[in-house]
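Here is the note you asked for, written for someone who is meeting this structure for the first time. Please keep the sequence and the model open while you read.

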Amino acid sequence: MEIYCIEDFKTEFERLISKKAYNQLEQDMIDYFFNKSDSELCSGTRLNNSDTTPYIKKRLNGRGGFRTYFLIIKIKNCLYLMFVHPKTGSMGAENINDESKAYLYKKVLVCIQSNDVYKIELNSENKLVFNKIPS
């Protein structure tokens, strides 16, 4: 599965991993999103009723870890990360509200349509690399 993200995700991810308390986020992302089957990636809470384009929220690293929101487009074999936040710590937050979930869903669809996304890959040091897709 190819993994992409929108700007909102990239910005929040970089902000979080710059803090020592949240530096495990990168490894948590690698462990969950890379080299997984469709069914493994769909294991979170489904926020829509689609089997072909599931919108999912997923807890990473247990109760005190992180919450991610993403969309899978199975026919294209693509996953789009939309947002991440910690559940605890100085930047911890409860789940986002329904209005924010709807906003992210609409935004990711616009970003996919306009190709305003980053492709996420692993480099030779097993670190995440964000490459802007040319429009």
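1. Basis of the note. This is a predicted model, in which local features need pLDDT of at least 70 and side-chain atom pairs count only at pLDDT 80 or more, while totals for chains, interfaces and linings use all residues. Residues are numbered from 1 along each chain as its sequence is written, and side-chain values use heavy atoms, with hydrogens and water left out.

2. Seven strands make up an open sheet of mixed pairing, in the order 2-3-4-5-1-6-7; strands (E, at least two residues) and helices (H or I, at least four residues) are DSSP runs numbered from the N terminus, and two strands pair if DSSP finds at least two bridges between them. At the edges are strand 2 (45-46) and strand 7, each of which pairs on one side only. Strand 2 runs antiparallel to strand 3 and is joined to it by two bridges, with R46 having I56 in strand 3 as its bridge partner.

3. The other side of the sheet. Strand 1 and strand 6 pair in the antiparallel sense over three bridges, and here I3 stands opposite I120 in strand 6. Strand 6 is also joined to strand 7 by five bridges, again in an antiparallel arrangement, and L122 stands opposite L128 in strand 7. The hairpin of strand 6 and strand 7 has five residues between the strands, and in this hairpin N126 takes a positive phi near 60°.

4. The largest nonpolar core. Which residues touch the most other members of the largest nonpolar core? They are F9, M29, F33, L81 and I120, out of 27 residues in that core; a nonpolar core is a set of buried Ala, Val, Leu, Ile, Met, Phe, Trp, Tyr and Cys residues joined through side-chain atoms within 4.5 Å, where buried means under 20% relative accessible area, exposed over 50% and partly exposed in between, with a 1.4 Å probe and protein chains only. Several elements each supply at least two residues of this core, including strand 1 (2-5), helix 1, strand 5 (78-86) and strand 6 (118-122). The largest share, five residues, comes from helix 2.

5. Leaving aside residues up to four places away in sequence, M29 touches F9, F13, F34, L60, T68, L81 and L128, contact meaning heavy atoms within 4.5 Å.

6. Aromatic pairs. There are seven aromatic pairs, counting rings of Phe, Tyr and Trp (its six-membered ring) whose centres lie within 6.5 Å, with planes under 30 degrees apart taken as stacked, over 60 as edge-to-face and the rest as tilted. The pair of F13 and F130 is tilted because the ring centres are 5.4 Å apart and the planes stand at 50°. This pair links distant parts of the chain, with F13 in helix 1 (residues 7-17) and F130 in strand 7 (residues 128-132), 117 residues apart. Both F13 and F130 are buried, and ring pairs join F9, F13 and F130 into a cluster.

7. Charges over a ring. K10 lies over the face of Y118, at 5.2 Å from the ring centre, and the charged end of K132 also sits over the ring of Y118, 5.0 Å from its centre; a charge sits over a ring if NZ of Lys or CZ of Arg is within 6 Å of the ring centre and within 35 degrees of the ring normal. K10 lies in helix 1 and counts as buried, because its relative accessibility is 14%. Apart from residues up to four places away in sequence, K10 touches C5, Y118 and F130.

8. Cysteines. How many disulfides are there? The count is zero, a disulfide being a pair of cysteine sulfur atoms within 2.5 Å. For C42 the nearest cysteine sulfur is that of C78, 13 Å away, and C42 is buried, with a relative accessible area of 13%. For C78 the nearest cysteine sulfur is that of C5, 13 Å away, and C78 is buried, with a relative accessible area of 8%.
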